[in-house]
There are 2 protein chains.
Amino acid sequence: MDGKYPFTILLNDYFMTIVIIGSGNVATHLALALARAEIYIPQVFSRNILHAKQLASRVGAEPIDNLKDLSLDADLYLISVADASIEEVVQKMPLVKGVVAHTAASVGMSVLSRFSHFGVFYPFQTFTKEKTLNFKEIPLLLEANGDNTLKLLKSVGDSISDKVQESNESKRMALHLAAVFACNFVNHLYTLADELLADSGLKFEILAPLIRETTEKALSMHPKLAQTGPAHRADTNVMASHLKSLKEGTVEYKIYQLLSQSIMER
Amino acid sequence: MDGKYPFTILLNDYFMTIVIIGSGNVATHLALALARAEIYIPQVFSRNILHAKQLASRVGAEPIDNLKDLSLDADLYLISVADASIEEVVQKMPLVKGVVAHTAASVGMSVLSRFSHFGVFYPFQTFTKEKTLNFKEIPLLLEANGDNTLKLLKSVGDSISDKVQESNESKRMALHLAAVFACNFVNHLYTLADELLADSGLKFEILAPLIRETTEKALSMHPKLAQTGPAHRADTNVMASHLKSLKEGTVEYKIYQLLSQSIMER
């Protein structure tokens, strides 16, 4: 407690320091949440020094753009870069003694196995840079190659989220796949709905009450019980007239047909 | 103003009386909203007298199960039955002088043309019987075969919703089609996500923060700009691994492929 790190807090009997590797959406939200929890972030790395500076200045860190400059005595190195870049980052990093964890949904923990202590620190949410999030509500899925490493990740996780849970690779992959359906594909259906409305001079906003109610209904009564619509009641007249207006061969037509079929099969 | 209808309010200089024909989700929510607005509902019709009684008792109306018993002097008859039953109801109704309107998304107004005054009174929302809704927020789309009829429907609409708008058949159909994408299909994707999680021993609830954020993001920043995920960044590695875990030939596999393709094309 020499006062060197004035903003750190005591976790597990010592001061925690976390280096952030990356400056994208997830790195930004994580760094800000950690800084709000008064965890000390000595460095932010980005290949682009301007991006490193931008995020570093928001969390009181030193910006670096060369992994050779990485501090060697941090407790945790959070790698939050594009999936395809993780391996390259790992190879360029010095062999640090601290824990190294990545935040990716779809990358195995073993990519980090050249380090002694490693794991996964996966925040399960869709991140947008400009949009503030209540991190406390975000499920954080943890994996580690040892009990102490898991304990350290859990300490960090608990400081920013109320929903920390141990996980494993197959659960994380299943969760990510489910998220593609419930988030990415859902958002794309909103985009298609918007295009269909635009063709008739209507604005997306008219869907807002319906979209909010659909979401709340699914969350409060379970989606299977909340299903409604022409396919659910096997109303072939309405479905035929919808398909007619969508025009055969278009992707909207195929999506309408396939999703209706899937609803009817259930 | 003879005091015969103690609960009515003055709309356009006279007391409004509305007969509800139907006892399903939409009929129930409409009748309750109208009753809350202190509009007098003399009768509720249902083919099933028990259903008629159930709803009638909640709005102070007389339950009937024979259209021959329909009151002849109501101002408005709201037909809120299954699409396929509208024509039969219309044929069995006496030739009333008041306005006759249906609440269906996909049925043309002309089905009501044996009456002198007719129209459409379409509340754009997904209804569940047990779930209370804030009707003020629900868009109400109106069509009528004459100005005075439209005026009457607008008076009634304004008494229960802040979002009343004149519409036409093609707009109503476009809106319903968009709703199938943004509500029915979205809910089905939630169902599929739930099944994928269940296979790995995970609960649907873990998706709640993600689903809420996806919805709010789409509504606040427009869905096209809010798109994220493997298909959006053309991450073929992740997509291939997801498809592998879904197994070729399953409907989930086809949906994953088709929606990813549609996202990539945009």
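The following legends describe close-up views of a predicted model.

**View 1. The open sheet of chain B.** Eight strands of chain B form an open sheet with mixed pairing, and their order across the sheet is S5-S4-S3-S6-S7-S8-S9-S10. The edges are held by strand S5 (62-64) and strand S10 (164-166) of chain B, each of which pairs on one side only. From one strand to the next, the twist averages 25°.

**View 2. Parallel pairing of S6 and S7 in chain B.** Strand S6 (residues 76-79) and strand S7 (residues 99-102) of chain B run in the parallel sense and are joined over four bridges. Within this pairing, Tyr77(B) has Val100(B), a residue of S7(B), as its bridge partner.

**View 3. Strand S8 of chain B and its two neighbours.** On one side, S8(B) pairs with S7(B) in the parallel sense over three bridges, and here Ala101(B) has its bridge partner in Gly119(B) of S8(B). The pairing of S8(B) with S9(B) is instead antiparallel and extends over five bridges, with Val120(B) standing opposite Glu143(B) of S9(B). In a regular strand, side chains alternate between the two faces of the sheet. In S8(B), Phe118(B), Val120(B) and Tyr122(B) lie on one side, Gly119(B), Phe121(B) and Pro123(B) lie on the other, and all of these are buried, so that both faces of the strand are covered. The count for the strand is accordingly six buried residues of six.

View 4. Helix H4 (residues 147-160) of chain B lies across S3, S6, S7, S8, strand S9 (140-144) and S10 of chain B, and it runs at about 160° to S9(B).

**View 5. The interface between chains A and B.** The contact between the chains involves 76 residues of chain A and 76 residues of chain B. On the side of chain A that touches chain B, the elements giving two or more residues are helix H5 (169-199), helix H6 (208-221), helix H7 (223-226), helix H8 (236-246) and helix H9 (251-265) of chain A. The largest share, 26 residues, comes from H5(A). By residue type, this side of chain A divides into 41 nonpolar, 21 polar and 14 charged residues.

**View 6. The relation between the two copies.** Chain A is superposed on chain B by a rotation of 180° with 0.0 Å of shift along its axis, at an RMSD of 0.0 Å, and the two copies are thus related as by a two-fold rotation axis. In chain A, the C-alpha nearest the axis belongs to Val186(A), at 2.7 Å from it. Because 100% of the interface residues of chain A are also interface residues in chain B, the copies meet through the same surface.

**View 7. The two domains of chain A.** Chain A is divided into domain 1 (10-167) and domain 2 (173-265), whose C-alpha centres lie 37 Å apart. Five residues from domain 1 and four residues from domain 2 of chain A take part in the contact between them. On the side of domain 1 of chain A that touches domain 2, the residues divide into three nonpolar, two polar and no charged.

Terms used: Residues are numbered from 1 along each chain as its sequence is written. Chains are lettered from A and ligands numbered from 1 in the order in which they are written. This is a predicted model: local features need pLDDT of at least 70, side-chain atom pairs count only at pLDDT 80 or more; totals for chains, interfaces and linings use all residues. Two strands pair if DSSP finds at least two bridges between them. Axes are lines fitted to C-alpha atoms, for helices over the stretch in contact, and angles run from 0 to 180 degrees between N-to-C directions. Two residues are in contact if their C-beta atoms, placed from the backbone, lie within 7 Å. Ala, Val, Leu, Ile, Met, Phe, Trp, Tyr, Cys and Pro count as nonpolar, Asp, Glu, Lys and Arg as charged, and the others, Gly among them, as polar. Copies are superposed by least squares on the C-alpha atoms of residues with pLDDT of at least 70 in both. A residue is buried if 20 or more other C-beta atoms lie within 10 Å of its own, exposed if 12 or fewer, and partly exposed in between; C-beta atoms are placed from the backbone. Domain bounds come from an automatic or database domain assignment.
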